[in-house]
Amino acid sequence: MYTTFFNLTCKPFQLTPDPEFLFMSKGHKKALNYLTYGISDSNTGFILVTGEVGTGKTTLLRQLINEVRGEEVKFARIDNTKVTSEQLMAMINEDFGLDAKGKNKTQLLSELTDFLIQEFGRGKRPMMIIDEAQNLSPDMLEEVRLLSNLETDKAKLLQILLVGQPELRKTLALPELRQLRQRITISCHLLPLTREETEAYIFHRLEVAGNRQALSFDEGVIERIHAFSKGTPRLINIICDFIMLSAFIEKTTTVSTSLVQELIGQIESENRYWQDTPSPAHAPGSPDAAHEILHRLDRLEVVLYKWESLKAEQKQILEKLSEKEKQLNDRIDACRAELLHLNANTGGNRLDSIFQEIEMLKERIDGLENKEPRISQGNGRKRNWWERVFGREAGISMRVF
């Protein structure tokens, strides 16, 4: 809507995790370096990445996959973690390209092991990424740990990256998960942006979208944006998108403190529509109000991701059906050509006459069978009956069973 007015090529503050807009803050740069190193080291078992809602974990993951994806690394990414143990195993196998339909957990584990051994023999390094890992129970996390036991004397057959909110660290701190904690060789936590990083983040996204000078901010505006967002990139995107829309409506490129304060009040007051009952703790300006917005956006993003996955799966099915239809049509054409060739080499309508002779032969057999109701009495009687059908003069040697 406002991209033309601000001379932009796209909306700079969209909520989708686009790696092109990734802002390399000090924390994000450190995390990306850690992850890249962990993937390059075949002895790395578990890698842990945590961060609050909206701090850019998914965007960072997509950037990582884009940088290291190739013939050497094969990824399996799990985003739906509210599943059973068997469902999780099936999702892992399917994401690695294995057939998991109708197979129990033992079969799934056996086929995954064979696959990992084959990939290791080919010089490949499979890696499993579990996003939203804070939803996994301690028992499920322990089963994930057991997958890391698949190793050779010199290298791990499967690297595992756990990504989740800070609650994941609380779960991992449980006594029963001490073996898993000891296998985490690389760990990093994404922190919110500082005030200076918030300003750099805003102008970075404007620059990627095509015009770094699209907006100018009055003194104190950046401070208010940072205070509202607590340095959370997703909340920065929300308030800045509203700012650009309001500036477009007013036909201005200068953002005043009064405009920002008014927008912040509107965003937080509308939060009451997302709750069953109003809560005093969620008053405008409270941290809980901002967190409720983030959790709401998280749920919407999960729905969007599932919808995109279904569309991709539907496209694959349609492509396979189209391929099968083409193969069937090719086979039909080949059969027709073969029949035409046979018909031409046997005297025109010879095939029709053959079919007619077969039908006459069937009728003859049916007639003789009605005259000989006891043909099953002995092999000699069977031989006589078949000779009467085909005739002695035909010189056919009949084998009696």
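**Close-up 1. Phe217 and its ring partner in a predicted model.** Phe217 has a relative accessibility of 18% and therefore counts as buried, the cut-off being under 20%. In this predicted model, Phe217 forms an edge-to-face aromatic pair with Phe203, with 5.7 Å centre to centre and 90 degrees between the planes. The pair links distant parts of the chain, since Phe203 lies in helix α8 and Phe217 in strand β6 (residues 216–217), 14 residues apart. Phe203, at 17% relative accessibility, also counts as buried.

**Close-up 2. The aromatic cluster of Tyr2, Phe5, Phe6 and Phe248.** The structure holds 6 aromatic pairs, among them the edge-to-face pair of Phe5 and Phe6, which are 4.9 Å apart centre to centre with 85 degrees between their planes. Phe5 is partly exposed, with a relative accessible area of 32%, whereas Phe6 is buried, with a value of 2%. Ring pairs join these two residues to Tyr2 and Phe248 in a cluster.

**Close-up 3. Arg205 in helix α8 (residues 195–208).** Arg205 is buried yet has no salt bridge, and the nearest side chain of opposite charge, that of Asp18, is 6.8 Å away. Leaving aside residues up to four places away in sequence, Arg205 touches Pro12, Phe13, Gln14, Phe21 and Asn237.

**Close-up 4. Helix α10 (residues 233–249).** The 17 residues of α10 reach 24 Å from the first C-alpha to the last, close to the 24 Å expected at 1.5 Å a residue. Of these residues, 13 are buried, so α10 is largely enclosed by the rest of the structure. The helix is followed by Lys251, whose phi is positive, near 55 degrees.

Key
Residues numbered from 1 in each chain as written. Predicted model: local features only at pLDDT ≥ 70, side-chain atom pairs only at ≥ 80, totals over all residues. Heavy atoms only, no water. Helix = DSSP H or I, 4+ residues; strand = E, 2+ residues; numbered from the N terminus. Expected span 1.5 Å × (residues − 1). Buried < 20%, exposed > 50% of the residue type's maximum accessible area, 1.4 Å probe, protein only. Lys, Arg positive; Asp, Glu negative; His and termini not counted. Salt bridge = Lys/Arg side-chain N within 4 Å of Asp/Glu carboxyl O. Contact = heavy atoms within 4.5 Å. Phe/Tyr/Trp six-rings, centres within 6.5 Å; stacked < 30°, edge-to-face > 60°.
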